[in-house]
Amino acid sequence: LGYGNDIERGKMKKGLFGLLCAAFLLLLEANSAHAQTAQEIAKKAFGSTVLLVMEDGNGQPLSLGSGFFIGDGEIASNLHVIEGAAKGFAKLVGEKTKYDIEGIAAVDPERDLVVLKIPGRRSQALSIGNSDAVQVGEPVYAVGNPQGLEGTFSQGILSSVREVGSDKLLQITAPISPGSSGGPVLNGMGEVIGVSVATFRSGQNLNFAIPSN
């Protein structure tokens, strides 16, 4: 009887070990399915990031900026990119087609955010992540068009979360230059956790983004 019980215990242990191994493999697969390489994140971001060219009443270039699709015909960016402009257009990274900006779908002046309407353009929207879940030291990626140089992809880390009144700013080491304002800042899963907004030219790696939340 004792020998039979030992056999049953051995079978139970093997069965439990098998279940634990299967659960561990599933966990590894889940993590690998969410985490992406920098190359994968860049490819996805380029398919949704645009160069914004704003013009004055005479059709002359006024300012350059960046933005990204958050839905069909809807592009998120910084409000300061379009301020003072009479009209403008958006152009996807690597494409020649220009899409006229039809108007504004939503605006948040206090946080320097705007959602622009682009008629007749369907594009893959970037997923919005939870900016409250980011931690100092984790890798981040900034995508934009500095000085009009389309499709610039920068890697860095989240160096701090700054309190600004009742709001927050993400401080990152990924470079942001004029023309990159309004571009997406992504986490390691390719989700937007911020919108590039400013850099201190006299500082080293003092770049800031508006949290996605």
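Me: In the largest nonpolar core, which residues touch the most other members?
Reply: This is a predicted model, where local features need pLDDT of at least 70 and side-chain atom pairs pLDDT 80 or more, while totals for chains, interfaces and linings use all residues. Residues are numbered from 1 along each chain as its sequence is written, and side-chain values use heavy atoms, without hydrogens or water. A nonpolar core joins buried (under 20% relative accessible area, 1.4 Å probe, protein chains only) Ala, Val, Leu, Ile, Met, Phe, Trp, Tyr and Cys through side-chain atoms within 4.5 Å. This core has 15 residues, and those touching the most other members are Val50, Leu52 and Ile82.

Me: Which elements give two or more residues to this core?
Reply: Helices (H or I, at least four residues) and strands (E, at least two) are DSSP runs, numbered from the N terminus. Both kinds contribute here: the elements with two or more core residues are helix H3 (79–82) and the strands S1 (49–55), S4 (87–92) and S7.

Me: Let's zoom in on Leu52. Which residues does Leu52 touch, not counting those up to four places away in sequence?
Reply: Contact means heavy atoms within 4.5 Å. Leu52 has a run of partners at Ser63, Leu64, Gly65, Ser66 and Gly67.

Me: How many residues are in the second, separate core?
Reply: Among the members of this other core are Ala142, Leu158, Ile193 and Ala209. Its size is eleven residues.

Me: Which strands are at the edges of the seven-stranded open sheet?
Reply: Two strands pair if DSSP finds at least two bridges between them. The antiparallel sheet runs in the order S5-S4-S1-S2-S3-S7-S6. An edge strand pairs on one side only, and that is the case for S5 (99–100) and S6.

Me: What is the bridge partner of Val143 in S9?
Reply: Strands S8 (residues 139–144) and S9 (residues 152–164) run antiparallel, with six bridges between them. In S9, Val143 is partnered by Phe153.

Me: Which residue in the hairpin of S9 and S10 takes a positive phi?
Reply: S9 also pairs with S10, antiparallel and over six bridges, and Leu158 stands opposite Ile172 in S10. Two residues lie between the strands of this hairpin. The residue with a positive phi, near 65 degrees, is Gly165.

Methods:
Buried < 20%, exposed > 50% of the residue type's maximum accessible area, 1.4 Å probe, protein only.
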